[in-house]
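Dear colleague,

Please find below the structure that I am handing over to you.

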Amino acid sequence: MIRTIRGAQLALPFLLLAACSGDPATPGAPTADEERQLNDAAAMLDANSIALDNLGDGALK
């Protein structure tokens, strides 16, 4: 009987630790695939953008 109680006392911290999961998913947060797609889209926008300094005077008229 004492061994059973002692075993339960030793196992309890491990059971509690196992019950803890990593970061819970935030509702509405993008998935890993969506984040990858957003990063790809941002990279494409950056690649297609130009600095306003490169436009010259006649471009904004």
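A salt bridge is taken here as a side-chain nitrogen of Lys or Arg within 4 Å of a carboxyl oxygen of Asp or Glu. By this rule, the count comes to 2 salt bridges. Please note that the model is a predicted one.

As to the chain as a whole, the secondary structure of the protein chain consists of 2 helices and 0 strands. The protein chain has 61 residues, of which 0% count as buried.

I turn now to the salt bridges. In general, side chains of opposite charge can pair when their charged atoms come close. One of the pairs joins the side chains of Arg 36 and Asp 33, with 2.7 Å from N to O. Both residues belong to helix α2, which covers residues 32–48; because Arg 36 and Asp 33 are 3 residues apart in this helix, about one helical turn separates them.

The side chain of Arg 36 also meets that of Asp 40 in a salt bridge, here at 3.2 Å from N to O. Arg 36 and Asp 40 are 4 residues apart in helix α2, so about one helical turn lies between them. Through shared partners, the salt bridges join Asp 33, Arg 36 and Asp 40 into one network.

How accessible are the residues of this network? Arg 36 has a relative accessibility of 44% and therefore counts as partly exposed. Asp 33 is partly exposed, with a relative accessibility of 40%. For Asp 40 the relative accessibility is 38%, so Asp 40 is likewise classed as partly exposed. The class of partly exposed residues lies between the cut-offs of under 20% for buried and over 50% for exposed.

With kind regards

Notes
Residues are numbered from 1 along each chain as its sequence is written. This is a predicted model: local features need pLDDT of at least 70, side-chain atom pairs count only at pLDDT 80 or more; totals for chains, interfaces and linings use all residues. Side-chain values use heavy atoms; hydrogens and water are left out. Buried means under 20% relative accessible area, exposed over 50%, partly exposed in between (1.4 Å probe, protein chains only).
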